[in-house]
Amino acid sequence: MKQIYEYNRESAVEYAVYWALQRNPKYADFDKMGGDCTNFASQVLYAGGCPMYYNYYGWYYRNLKDRAPAWTSVKYFHKFITNNKGIGPIGEEVGLKDIELGDIVQINFQEDDGFDHTPVVVKILPGEKTVDKILIAAHTIDRLYYPLSHYNFNKLRFLHIKGYIR
(Lines give C-alpha, C1' and ligand atoms only; values in the text may rest on other atoms or scores of the structure.)
Protein backbone atom coordinates (compact mmCIF):
# COMPACT_ATOMS: atom_id res chain seq x y z
CA MET A 1 0.00 0.00 0.00
CA LYS A 2 1.41 3.37 -1.00
CA GLN A 3 1.51 6.15 1.56
CA ILE A 4 -1.11 8.89 1.17
CA TYR A 5 0.26 12.33 2.04
CA GLU A 6 -1.80 15.15 3.52
CA TYR A 7 -3.43 17.60 1.14
CA ASN A 8 -2.67 21.17 2.27
CA ARG A 9 -6.20 22.58 2.35
CA GLU A 10 -5.05 25.97 3.64
CA SER A 11 -2.67 26.50 0.71
CA ALA A 12 -5.29 25.24 -1.74
CA VAL A 13 -7.94 27.65 -0.45
CA GLU A 14 -5.46 30.56 -0.38
CA TYR A 15 -4.67 29.88 -4.05
CA ALA A 16 -8.36 29.59 -4.95
CA VAL A 17 -9.24 32.86 -3.24
CA TYR A 18 -6.29 34.71 -4.81
CA TRP A 19 -6.88 33.46 -8.38
CA ALA A 20 -10.69 33.12 -8.45
CA LEU A 21 -11.29 36.47 -10.14
CA GLN A 22 -8.16 36.51 -12.29
CA ARG A 23 -5.98 34.11 -14.30
CA ASN A 24 -2.58 32.71 -13.36
CA PRO A 25 -0.40 33.38 -16.43
CA LYS A 26 1.42 30.03 -15.91
CA TYR A 27 -1.69 28.28 -17.28
CA ALA A 28 -3.74 28.66 -20.45
CA ASP A 29 -7.23 30.12 -20.08
CA PHE A 30 -9.81 27.60 -21.32
CA ASP A 31 -12.82 29.94 -21.18
CA LYS A 32 -13.18 29.94 -24.98
CA MET A 33 -12.44 26.20 -25.21
CA GLY A 34 -15.32 24.83 -23.17
CA GLY A 35 -14.62 26.49 -19.82
CA ASP A 36 -11.81 27.06 -17.34
CA CYS A 37 -13.43 25.57 -14.22
CA THR A 38 -11.66 22.21 -14.11
CA ASN A 39 -8.33 23.78 -15.08
CA PHE A 40 -8.78 26.11 -12.09
CA ALA A 41 -9.76 23.22 -9.77
CA SER A 42 -6.65 21.31 -10.88
CA GLN A 43 -4.47 24.34 -10.17
CA VAL A 44 -5.99 24.51 -6.68
CA LEU A 45 -5.16 20.84 -5.99
CA TYR A 46 -1.63 21.38 -7.27
CA ALA A 47 -1.27 24.42 -4.98
CA GLY A 48 -2.40 22.15 -2.12
CA GLY A 49 0.63 19.93 -2.71
CA CYS A 50 -0.79 17.29 -5.05
CA PRO A 51 1.96 16.30 -7.51
CA MET A 52 1.32 15.98 -11.21
CA TYR A 53 1.28 12.51 -12.77
CA TYR A 54 2.94 12.70 -16.19
CA ASN A 55 1.04 10.08 -18.13
CA TYR A 56 -1.68 10.57 -20.76
CA TYR A 57 -4.14 8.91 -18.39
CA GLY A 58 -2.66 10.85 -15.47
CA TRP A 59 -3.16 14.38 -14.23
CA TYR A 60 -0.71 17.06 -15.38
CA TYR A 61 -0.26 20.35 -17.20
CA ARG A 62 2.91 21.46 -18.97
CA ASN A 63 1.32 23.81 -21.50
CA LEU A 64 -1.78 24.19 -23.66
CA LYS A 65 -0.78 21.35 -26.00
CA ASP A 66 0.84 19.10 -23.38
CA ARG A 67 -1.64 18.23 -20.65
CA ALA A 68 -3.66 15.25 -19.49
CA PRO A 69 -7.42 15.25 -20.23
CA ALA A 70 -8.02 14.94 -16.46
CA TRP A 71 -6.47 18.39 -15.89
CA THR A 72 -9.20 20.25 -17.80
CA SER A 73 -12.18 17.92 -18.38
CA VAL A 74 -14.96 17.62 -15.78
CA LYS A 75 -15.53 13.96 -16.73
CA TYR A 76 -11.88 12.86 -16.80
CA PHE A 77 -11.01 14.86 -13.67
CA HIS A 78 -13.68 12.92 -11.75
CA LYS A 79 -12.54 9.60 -13.25
CA PHE A 80 -8.90 10.26 -12.34
CA ILE A 81 -9.49 11.61 -8.82
CA THR A 82 -11.83 8.80 -7.79
CA ASN A 83 -9.83 5.94 -9.38
CA ASN A 84 -6.22 7.06 -8.95
CA LYS A 85 -3.91 4.43 -7.45
CA GLY A 86 -0.68 6.12 -8.55
CA ILE A 87 0.95 9.53 -8.27
CA GLY A 88 -1.28 12.56 -7.73
CA PRO A 89 -4.47 13.45 -5.87
CA ILE A 90 -6.68 10.76 -4.34
CA GLY A 91 -10.36 11.50 -3.80
CA GLU A 92 -13.73 9.94 -3.23
CA GLU A 93 -17.35 10.89 -3.70
CA VAL A 94 -18.92 11.80 -0.36
CA GLY A 95 -22.14 13.27 0.92
CA LEU A 96 -22.58 16.95 1.64
CA LYS A 97 -21.93 16.46 5.37
CA ASP A 98 -18.40 15.16 4.64
CA ILE A 99 -17.25 18.05 2.44
CA GLU A 100 -14.27 20.13 3.66
CA LEU A 101 -12.43 23.28 2.62
CA GLY A 102 -10.41 22.70 -0.53
CA ASP A 103 -12.71 19.91 -1.71
CA ILE A 104 -14.40 19.89 -5.10
CA VAL A 105 -18.03 20.08 -6.13
CA GLN A 106 -19.20 18.98 -9.56
CA ILE A 107 -22.46 20.33 -10.92
CA ASN A 108 -24.86 18.89 -13.48
CA PHE A 109 -26.95 21.71 -14.97
CA GLN A 110 -28.91 19.63 -17.52
CA GLU A 111 -31.44 16.82 -17.34
CA ASP A 112 -28.75 14.27 -18.25
CA ASP A 113 -26.00 12.19 -16.65
CA GLY A 114 -23.11 14.53 -17.53
CA PHE A 115 -21.58 16.95 -15.08
CA ASP A 116 -20.73 20.41 -16.38
CA HIS A 117 -18.89 22.47 -13.77
CA THR A 118 -16.11 22.02 -11.18
CA PRO A 119 -15.98 24.68 -8.42
CA VAL A 120 -13.82 24.53 -5.27
CA VAL A 121 -15.10 24.83 -1.68
CA VAL A 122 -13.47 27.90 -0.08
CA LYS A 123 -15.70 28.55 2.92
CA ILE A 124 -18.27 26.65 4.95
CA LEU A 125 -20.59 28.77 7.07
CA PRO A 126 -21.31 27.61 10.65
CA GLY A 127 -24.14 25.23 11.45
CA GLU A 128 -25.46 22.16 9.73
CA LYS A 129 -23.96 21.79 6.26
CA THR A 130 -26.45 22.73 3.57
CA VAL A 131 -25.90 23.96 0.01
CA ASP A 132 -26.55 27.55 1.10
CA LYS A 133 -23.66 27.32 3.61
CA ILE A 134 -21.12 25.98 1.11
CA LEU A 135 -19.29 28.87 -0.59
CA ILE A 136 -17.23 28.20 -3.69
CA ALA A 137 -14.65 29.75 -5.97
CA ALA A 138 -14.79 29.01 -9.70
CA HIS A 139 -13.67 30.03 -13.16
CA THR A 140 -15.57 30.31 -16.46
CA ILE A 141 -18.15 32.55 -14.84
CA ASP A 142 -15.76 33.72 -12.15
CA ARG A 143 -17.05 33.37 -8.61
CA LEU A 144 -15.64 33.93 -5.15
CA TYR A 145 -17.52 33.11 -1.92
CA TYR A 146 -20.52 32.21 -4.05
CA PRO A 147 -23.20 30.10 -2.33
CA LEU A 148 -23.61 26.71 -3.98
CA SER A 149 -27.38 27.12 -3.57
CA HIS A 150 -27.34 30.05 -6.04
CA TYR A 151 -26.64 27.72 -8.97
CA ASN A 152 -29.62 26.36 -10.88
CA PHE A 153 -28.55 22.71 -10.87
CA ASN A 154 -30.02 19.31 -11.59
CA LYS A 155 -27.51 17.29 -9.52
CA LEU A 156 -24.41 17.79 -7.37
CA ARG A 157 -21.57 15.47 -6.47
CA PHE A 158 -18.97 16.15 -3.82
CA LEU A 159 -15.34 15.05 -4.18
CA HIS A 160 -13.40 14.84 -0.94
CA ILE A 161 -9.65 15.02 -1.47
CA LYS A 162 -8.17 12.39 0.84
CA GLY A 163 -4.57 13.36 0.03
CA TYR A 164 -2.05 12.42 -2.62
CA ILE A 165 0.56 9.86 -3.56
CA ARG A 166 3.99 10.92 -4.74
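**Helices and cores of a predicted model**

Helix α2 is followed by Gly49, whose phi is positive, near 100°. Helices here are DSSP runs of H or I with at least four residues, strands are runs of E with at least two, and both are numbered from the N terminus. This is a predicted model, in which local features need pLDDT of at least 70 and side-chain atom pairs count only at pLDDT 80 or more, while totals for chains, interfaces and linings use all residues. Residues are numbered from 1 along each chain as its sequence is written, and side-chain values use heavy atoms, with hydrogens and water left out.

**Helix α2**
- Nine of the eleven residues of α2 (residues 37–47) are buried, so this helix is largely enclosed by the rest of the structure.
- Buried means under 20% relative accessible area, exposed over 50%, and partly exposed in between (1.4 Å probe, protein chains only).
- The buried residues of α2 include Cys37, Asn39, Phe40 and Val44.
- Beyond its neighbours within four places in sequence, Phe40 is in contact (heavy atoms within 4.5 Å) with residues including Tyr15, Trp19, Val120 and His139.

**Helix α4**
- In α4 (residues 74–83), Val74, Phe77, His78, Phe80 and Ile81 are buried.
- These buried residues pack against α2, α3 (69–72), β3 (88–94), β4 (104–108) and β8 (155–165).

**Nonpolar cores**
- A nonpolar core is a set of buried Ala, Val, Leu, Ile, Met, Phe, Trp, Tyr and Cys residues joined through side-chain atoms within 4.5 Å.
- The largest one has 32 residues, and Phe40, Trp59 and Phe77 are among those with the most contacts inside it.
- Its largest share, five residues, comes from α1.
- A second, separate core of twelve residues includes Val94, Ile107, Ile134 and Tyr146.
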